[in-house]
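Subject: Structure for your review

Dear colleague,

Please find below the sequence and the structure that I am handing over to you. My findings follow directly after them.

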Amino acid sequence: MFRLSNNLIGVLNFITFLLSVPILGGGIWLATRGGGTDCEKFLQTPLIVLGAFLMVVSLAGLVGACCRNSLLLWIYLFVMFILILLLFFFTIFAFVVTNKGAGQVVSGRGYKEYRLGDYSHWLQKRVENTKNWAKIRTCLSDAKVCRSLQEASLSFDQFIKDNLSPIQSGCCKPPSECGFAYENATVWNKPAAGFASNNTDCETWQNDQSTLCYDCGSCKAGVIANIKDKWKKIAILNIIFLVFLVIVYSIGCCAFRNNRRDNAWKGGYP
C-alpha cells in the first residue's frame with residue numbers, strides 16, 4: 001500500500017531537486033565564463049557543491065520514497081540526520097561568535113565607528129589572516145562599496161549626519177579621532193601638526209581611491225560587524241529550517257517504515 005508519507009517525501013524531494021538545478025547551473029556558469037571577479041570565483045565552488053549535494057540527496061529521497069527502495073531511503077535519512085546535527089551546532093556557534101561586539105556611537109555623527117578588538121577572537125583571527133583579508137579586500141574593491149559616497153557630493157555637515165553602513169564607516173573614511181580635514185567623502189587631508197590620536201589607522205589611511213582605509217583595523221571591524229549582522233539573520237532562518245528538516249525527517253522515517261512493511265509483506269527486501 002502506497003502511503004501518504006511516501007507521497008509527501010516524494011513531492012518535497014522533487015521540489016528540492018528542481019531548486020538544485022539553478023544552484024548547480026549558476027556555479028558551473030561562474031566556473032566556465034571568463035573574466036569573473038575574485039568574489040565570483042570564490043562563490044562558484046560552494047554553489048557547485050551545494051547544488052550537487054541537493055541534487056543527489058533529493059534524488060535518493062525521491063527514488064527511495066516513490067519506488068519504495070529501503071536502501072536509498074535509509075541513505076537519505078542518514079544524510080538528513082547528519083545535516084540536522086550540523087545545522088544545530090552551526091546555529092549555536094553563530095549565536096556564540098556574534099554575541100560580542102557592537103559599533104560605537106560617535107558624538108555628533110549619524111554613523112557608528114568600529115574597533116576590531118571589540119569582536120570575538122575567532123572572527124578577528126579569520127579576518128586578520130593575510131590570505132583571507134586579501135580575498136575580502138579584493139571583493140570590497142570589486143563591489144565598489146565607497147562609490148556611492150564618492151558620487152553623493154555631500155558637504156561635511158551632510159556627511160556626518162549620514163547613516164553609513166559598517167563597511168562604509170570602517171573602509172571609506174578615516175576614524176574621527178584622527179582629526180583629518182574633510183575635502184569630500186573619500187578624500188581627507190592629514191593634519192600638518194600630526195595626528196590627534198595614536199590609532200594606527202590614521203597612518204594607514206590613503207586618499208588613493210583604490211586604497212582608502214581598506215587595510216585599516218576599522219575596515220576589518222566593519223566587515224566583521226556586517227558578518228555579525230548577516231550571521232544572526234542566518235541563525236534565525238536556520239532555526240526555522242531546522243524545524244522544517246525535523247518534520248521532513250519524521251515523515252521520511254514513516255515512509256521508511258512503510259517501505260519495510262510493504263517489502264516484508266511481499267516477502268523480501270530490496
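In helix H4, which spans residues 121-128, the buried residues are Leu123, Gln124 and Val127. These residues lie on the same side of H4, because they cover an arc of only 100° around the axis. The face turned away from that buried side carries His121 and Lys125, both of which are exposed. Please keep in mind throughout that this is a predicted model.

The overall organisation of the chain comes next. The domain assignment gives domain 1, made of residues 3-100 together with 232-267, and domain 2, made of residues 104-223. Taken over C-alpha atoms, the centres of domain 1 and domain 2 are separated by 40 Å.

An annotation from a database record may be set beside this division. In an unreviewed entry, UniProt places the feature "transmembrane region" at residues 12-31, 43-65, 71-97 and 234-252. In the model, the chain over residues 71-97 is 100% helix and 0% strand, with its end C-alpha atoms 39 Å apart. Residues 234-252 are likewise 100% helix and 0% strand, and the C-alpha atoms at the ends of that stretch are 25 Å apart.

Which residues form a nonpolar patch on the surface? The patch consists of Leu71, Trp74, Ile75, Phe78, Phe81, Ile82, Leu85, Leu86, Phe88, Phe89, Ile92 and Val96. Together they have about 1,200 Å² of accessible area. One of these residues, Trp74, is found in helix H3, which comprises residues 70-97. Trp74 counts as partly exposed because its relative accessibility is 46%, a value between the limits of 20% for buried and 50% for exposed.

I turn now to the charged side chains. How many salt bridges does the structure hold? There are four salt bridges in the structure, and three of them are described below.

One of them joins the side chains of Glu177 and Arg115, with 3.1 Å from N to O. This pair links distant parts of the chain, 62 residues apart. Glu177 is in the loop between helix H8 (166-171) and strand E3 (181-184), whereas Arg115 is in the loop between strand E2 (112-113) and H4. Glu177 has a relative accessibility of 30% and therefore counts as partly exposed. Arg115 is also partly exposed, with a relative accessible area of 38%.

Another salt bridge is formed by the side chains of Arg137 and Asp215, at 3.0 Å from N to O. Here too the pair links distant parts of the chain, the two residues being 78 residues apart. Arg137 belongs to helix H5 (residues 130-143), while Asp215 is in the loop between helix H9 (201-204) and helix H10 (217-266). With a relative accessibility of 38%, Asp215 counts as partly exposed.

A further salt bridge connects Asp229 with Lys233, and their closest N and O atoms are 3.4 Å apart. Asp229 and Lys233 are four residues apart in helix H10, so they are separated by about one helical turn. Asp229 is partly exposed at 35% relative accessibility, and Lys233 is partly exposed with a relative accessible area of 48%.

Is Cys216 buried or exposed? Cys216 counts as buried, because its relative accessibility is 0%. The C-alpha atom of Cys216 is separated by 56 Å from that of Asn7, and these residues are 209 residues apart along the chain.

Leu212 lies in the loop between H9 and H10 as well. Leu212 is buried, with a relative accessible area of 0%. The phi angle of Leu212 is near 45°, a positive value in a residue other than glycine. Such values deserve a remark, because most residues other than glycine have a negative phi.

Ser153 also has a positive phi, near 50°, and is a residue other than glycine. Ser153 is placed in the loop between helix H6 (147-152) and helix H7 (156-160). At 65% relative accessibility, Ser153 counts as exposed, whereas Leu212 is buried.

Yours sincerely,

A colleague

Conventions
Residues are numbered from 1 along each chain as its sequence is written. This is a predicted model: local features need pLDDT of at least 70, side-chain atom pairs count only at pLDDT 80 or more; totals for chains, interfaces and linings use all residues. Side-chain values use heavy atoms; hydrogens and water are left out. UniProt positions are given in the numbering used here, feature names are shortened, and annotations may be inferred rather than shown by experiment. Domain bounds come from an automatic or database domain assignment. Buried means under 20% relative accessible area, exposed over 50%, partly exposed in between (1.4 Å probe, protein chains only). The arc is that of the directions from the helix axis to the C-beta atoms. Patches are made of residues with over 30% relative accessible area and no salt bridge: like charges are joined within 9 Å, nonpolar side chains (Val, Leu, Ile, Met, Phe, Trp, Tyr) within 5 Å. Accessible areas come from the Shrake-Rupley method with a 1.4 Å probe; for residues, only the protein chains shown count as cover.
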